[in-house]
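Here are a few notes to read alongside the model.

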Amino acid sequence: MKETLAYYNDNADAFVESTFQVSMEELYKEFLPQIPEGGHILDAGCGSGRDALFFKQQGYCVSAFDGSDAIAALARQKTGLSVQHRYFSDVRESSTYDGIWACASLLHLPIEEVPVAICRLWNALKPDGVLYMSFKLGNGERKHDGRHFTDADETIAEQWIRDLPGFESCRMWRSDDRRPDRDEQWLNVLLSKSPASPDKLTTGG
């Protein structure tokens, strides 16, 4: 994880500029209709702040954080939001957000930490809330350009989410990378929480 964070801190400007204008409209269309008007969205691992800014412009209350302090600083400049520098392990909120957006962010965690982080996000989600997350399509851990990736397919994702309390529904689908120079596929996961969900799930750490 330290190596990955060092990569993003060292390449923050280039990364932000290469991702900020990428269109995510198709994914927004899946996620936002599940959020009440003016609802509170957490952009967990917000990167450039592209998505957080869009949510803000649509009238939602938006909180955001990123694990790279350099990228969090740039995202604050781009969005005008108080983007925090923190990690998934710092998420301690309970029943706080109507929606949580973890787009291409959980994938940088070691594979054993991914389900723990999902539990933390699930705890932070209000009953009747929705959690979106995405992973590069694949199976297992790898390193690329100095960064750690945990790839996932539907079977792996199902293992991570099957024991979440108050789990009401899940939709998974694959999509192509929206960047013109990438020939990759992504696994998208959209989870809905029951209106009568338990308040707390033990995360194991």
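1. A word on the source. This is a predicted model, in which local features need pLDDT of at least 70 and side-chain atom pairs count only at pLDDT 80 or more, while totals for chains, interfaces and linings use all residues. Residues are numbered from 1 along each chain as its sequence is written, and side-chain values use heavy atoms, with hydrogens and water left out.

2. The sheet. Seven strands make an open, mixed sheet in the order β3-β2-β1-β4-β5-β9-β8. Its edge strands, β3 (84-85) and β8, each pair on one side only. Strands here are DSSP runs of E with at least two residues, and helices are runs of H or I with at least four, numbered from the N terminus; two strands pair if DSSP finds at least two bridges between them. β1 and β4 run parallel and are joined by three bridges. Asp43 sits opposite Trp101 of β4.

3. The main core. Nonpolar side chains tend to be buried together in soluble globular proteins. The largest nonpolar core here holds 33 residues, and those with the most contacts inside it are Ile100, Leu106, Leu121, Leu131 and Met133. Such a core is a set of buried Ala, Val, Leu, Ile, Met, Phe, Trp, Tyr and Cys residues joined through side-chain atoms within 4.5 Å; buried means under 20% relative accessible area, exposed over 50%, and partly exposed in between, with a 1.4 Å probe and protein chains only. The largest share, seven residues, comes from α6.

4. Leu131 and a second core. Leaving aside residues up to four places away in sequence, Leu131 touches Ile100, Ile118, Leu121, Trp122, Leu125, Val189, Leu190 and Leu191 (contact: heavy atoms within 4.5 Å). A second, separate core of 25 residues includes Ile35, Cys46, Val130 and Leu190.

5. Which residues of α7 are buried? They are Ile156, Ala157, Trp160 and Ile161. Because they cover an arc of only 125° around the axis, they lie on the same side of α7; the arc is that of the directions from the helix axis to the C-beta atoms. Their cover includes α6, β5, β6, β7, β8 (167-176) and β9.

6. Two loop residues to look at. Most residues other than glycine have a negative phi. Ala104, in the loop between β4 and α6, has a positive phi near 55°. Asp145, in the loop between β6 (140-144) and β7 (147-151), also has a positive phi, about 50°.
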